[in-house]
Amino acid sequence: MEIVKRVFDKALVIKLKSRTDNRGPMTVAYGEEFAAKGIEFIPKETRVYTMPKKGTFFGIHYREEKDPMDKFVTVVHGRGTDYIVDLRPDSPTYLQWERVELSAENAMAVYVPAGFGHGFQTLEDDTIQLYSVNTSGDNAYSKTVSYRDEKIGLELEIPVTEIADYDIEAPLVSILES
């Protein structure tokens with residue numbers, strides 16, 4: 001495992017340890033190397049999202065400060081774009097975002113700490129995402145902000161084909177700031 005890039009000083013882009021032999025590919029999604037490299041993330045819940053349609057979009061999701069959540073995300077089949085949005089109001093990079101392509105082939109992952117928004121869009125049909133969080137807890141603290149908010153200016157690579165109602169109806173940042 002290798003930390004490829006730091007995003008806004010806290011979020012990480014990670015190259016996972018992988019190999020292929022006559023049985024096929026194997027990737028270590030999470031292991032002791034993380035703690036050795038200073039990533040203090042202990043998964044409490046792991047979800048597998050199966051997205052049959054290219055263009056499916058999740059986000060921008062985050063948690064309230066009173067119940068923070070760190071996330072670790074990778075793709076085990078297919079390909080998608082992961083979006084990390086700085087939602088820390090006191091940060092010099094507030095509302096800036098970065099995207100990272102995740103795929104089974106590139107064995108990349110992202111670590112998204114509390115304070116950041118997270119979005120994801122599939123770039124291929126039948127994309128499967130592995131999504132771990134360090135807390136399970138009350139969904140009342142789970143929030144969304146509109147991916148169409150001009151203050152954020154998120155640029156999607158392809159049109160959205162599938163999206164949840166709560167993501168369509170997500171508030172603008174200005175409503176959250178008031």
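Predicted model: local features only at pLDDT ≥ 70, side-chain atom pairs only at ≥ 80, totals over all residues.
1. Residues are numbered from 1 along each chain as its sequence is written, and side-chain values use heavy atoms, with hydrogens and water left out.

2. Arg 79 forms a salt bridge with Glu 124, with the closest N and O atoms 3.2 Å apart (a salt bridge is a side-chain nitrogen of Lys or Arg within 4 Å of a carboxyl oxygen of Asp or Glu). The pair links distant parts of the chain, 45 residues apart: Arg 79 is in strand E8, and Glu 124 is in the loop between strand E11 (116-122) and E12. Helices (H or I, at least four residues) and strands (E, at least two) are DSSP runs, numbered from the N terminus.

3. A salt bridge also joins the side chains of Arg 79 and Glu 101 (3.3 Å, N to O). Here the residues are 22 apart, with Arg 79 in strand E8 (residues 79-86) and Glu 101 in strand E9. Glu 101 is partly exposed at 34% relative accessibility, and Glu 124 is partly exposed with a relative accessible area of 30%.

4. Glu 98 and Lys 5 meet through their side chains in a salt bridge (2.2 Å, N to O). Glu 98 lies in strand E9 (residues 97-103) and Lys 5 in strand E1, so the pair ties together parts 93 residues apart in sequence. The count of salt bridges comes to nine.

5. An open sheet of six strands has the order E1-E2-E10-E7-E12-E5, with antiparallel pairing (two strands pair if DSSP finds at least two bridges between them). Strands E1 (2-7) and E5 (45-51) stand at the edges with a single partner strand each, so one side of each is left without a neighbour in the sheet.

6. Strand E12 (residues 127-133) has six of its seven residues buried, so it is largely enclosed by the rest of the structure.

7. Asp 167, in helix H2 (residues 165-168), is buried yet has no salt bridge; Arg 148, the nearest side chain of opposite charge, is 9.5 Å away.

How values were computed:
Buried < 20%, exposed > 50% of the residue type's maximum accessible area, 1.4 Å probe, protein only. Lys, Arg positive; Asp, Glu negative; His and termini not counted.
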